[in-house]
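Subject: Structure handover

Hi,

Here is the structure I promised to pass on. My notes follow below it.

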Amino acid sequence: MTTPSVFRSLEICAGAGGLALGLEKSGFVPSVLVEKDEHPLRTLRTNRPTWKLVQEDLEEFEPERHPDSFGVDLLSAGPPRVKSLATIERAEDHAERKLVTAALYLVGTVRPRAVLIENVPGLVESEDFAEIRSEIQDELEHLGYRLFKRVLNAMHFGVPQDRKHGFFIALKEDCADTFAWPAPLPGPPASVGDALYPSMASQGWPHAAAWAAHAQRVAPTLVGGSDRRGGPDLGPGRAKNIWQEMGINGGTVADELPGPDTPWDISADRKDLPALTVAQAARLQGFPDDWVITGRKTRAYRQVGQAVPPPLAEAVGHSIAKALSAGASRSNHLASAG
């Protein structure tokens with residue numbers, strides 16, 4: 001048996017494909033992607049028509065009906081943001097915790113060589129999440145995995161955004177010894193101005209260069225929100241203030257890029273500043289320009305804001321792939337020696 005050059009994965013709660021796209025770039029080909037929302041599914045179909053998509057609630061997904069789910073190297077999951085018990089006010093918010101439990105059940109059924117669960121940083125490091133964190137750790141260790149957990153910031157991996165994600169990585173013992181978290185890229189983080197200057201200048205906006213020079217900092221975390229939230233904006237009040245300091249109206253999302261007649265005055269009221277488009281928000285998330293986010297503005301922006309930045313997913317994917325390759329090589333060596 002030789003070490004595979006491509007690994008197979010099963011992804012659940014796939015969303016608009018940020019996690020899957022990054023993993024694809026690190027050597028993982030999805031056998032099945034599970035997502036219940038038709039809007040991100042449309043995005044996935046548009047960009048990767050060959051991927052096998054299953055529209056189903058995770059709690060109802062039965063891998064036995066999808067044989068490609070078995071024999072995968074990696075089970076990856078980006079379930080909706082889990083809330084701490086201290087902040088839960090609505091009964092429906094317990095659904096997020098149920099999805100984590102369903103993901104753990106699926107691990108026990110599919111038995112992949114590796115598991116990746118991504119969620120809020122607090123799930124990894126906050127005492128408010130100690131109960132569910134213990135549930136994750138106990139169940140994965142019971143299933144024979146060694147668990148690694150860490151919070152990573154996307155801005156250290158080429159994404160022009162201060163965005164932290166919590167990761168749980170679980171590996172079978174035969175490949176756990178060589179696992180190492182990805183190292184941050186050298187140099188300062190990419191800036192909003194540099195990332196968005198080409199698009200800001202593309203329609204002849206005369207202030208594009210001046211704006212880009214003023215926006216030499218990373219973006220605050222883009223927040224997609226839930227279906228219970230209103231129209232699109234770039235985040236809570238503090239984030240809007242940071243955007244205003246960069247000369248951007250963070251209270252909305254634009255339909256079009258700035259043009260020749262679009263004014264720009266850094267001291268203007270927020271509502272008189274240009275806003276970002278969905279495509280620009282996607283670029284700040286690290287999506288490639290050819291990745292099409294489908295749907296009307298609010299739905300499209302929500303997909304972007306809820307995604308895992310692909311460059312961050314790629315960095316974590318490379319670390320998992322290296323560990324799996326080393327484990328396979330070790331197994332081959334032991335088999336040859338025997």
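**Cores first**

Set aside neighbours within four places in sequence, and Val192 is in contact with Pro160, Trp211, Ala215, Arg217, Val218, Ala219, Trp243, Met246 and Leu284. Bear in mind that this is a predicted model.

Val192 belongs to the largest nonpolar core, which has 40 residues. Val192, Met200, Trp211, Leu234, Trp243, Leu276 and Leu284 touch the most other members. Helices H1 (18–25), H2 (38–47), H7 (192–201), H8 (208–214), H9 (237–245), H10 (278–284) and H11 (297–305) each give two or more residues to this core. There is also a second, separate core of 34 residues. Leu58, Leu106, Ile117 and Leu143 are among its members. In soluble globular proteins, nonpolar side chains tend to be buried together.

**Helix H3**

The length of H3 checks out. It has 17 residues (94–110), so at 1.5 Å a residue it should span 24 Å. The end C-alpha atoms are 25 Å apart, which agrees. Just after H3, Arg111 takes a positive phi of about 55°.

**Second largest pocket**

This pocket has a volume of about 240 Å³. Its lining is Met155, Asp162, Arg217, Val218, Ala219, Pro220, Thr221, Val223, Pro236, Arg238, Ala239 and Ile242. By class, that makes eight nonpolar, one polar and three charged residues. Arg217, Val218 and Ala219 line the pocket, and they are also contacts of Val192.

**Two single residues**

Leu312 sits in helix H12 (residues 310–337). Is it buried or exposed? Leu312 is buried, because its relative accessible area is 0% and the cut-off is under 20%. Beyond residues up to four places away in sequence, Leu312 touches Leu152, Ala154, Phe157, His165 and Phe167. Leu312 and Gly158 are 154 residues apart in sequence, yet their C-alpha atoms are 7.9 Å apart in space.

His66 lies in the loop between strand E3 (53–55) and E4. With a relative accessible area of 12%, His66 also falls under the 20% cut-off, so it counts as buried. Leaving out neighbours within four places in sequence, its contacts are Lys52, Val54 and Phe61.

Best wishes

Key
Residues are numbered from 1 along each chain as its sequence is written. This is a predicted model: local features need pLDDT of at least 70, side-chain atom pairs count only at pLDDT 80 or more; totals for chains, interfaces and linings use all residues. Side-chain values use heavy atoms; hydrogens and water are left out. Helices (H or I, at least four residues) and strands (E, at least two) are DSSP runs, numbered from the N terminus. The expected span of a helix is 1.5 Å times one less than its number of residues. On a 1 Å grid over the protein atoms alone, a cavity is a set of points where a 1.4 Å probe fits but cannot get out, and a pocket is an open set with protein on both sides within 12 Å along at least five of seven lines; lining residues have an atom within 4 Å of a point. Grid points are joined across faces, edges and corners, and a volume is the space filled by probe spheres set on the points. Ala, Val, Leu, Ile, Met, Phe, Trp, Tyr, Cys and Pro count as nonpolar, Asp, Glu, Lys and Arg as charged, and the others, Gly among them, as polar. Buried means under 20% relative accessible area, exposed over 50%, partly exposed in between (1.4 Å probe, protein chains only). Contact means heavy atoms within 4.5 Å. A nonpolar core is a set of buried Ala, Val, Leu, Ile, Met, Phe, Trp, Tyr and Cys residues joined through side-chain atoms within 4.5 Å.
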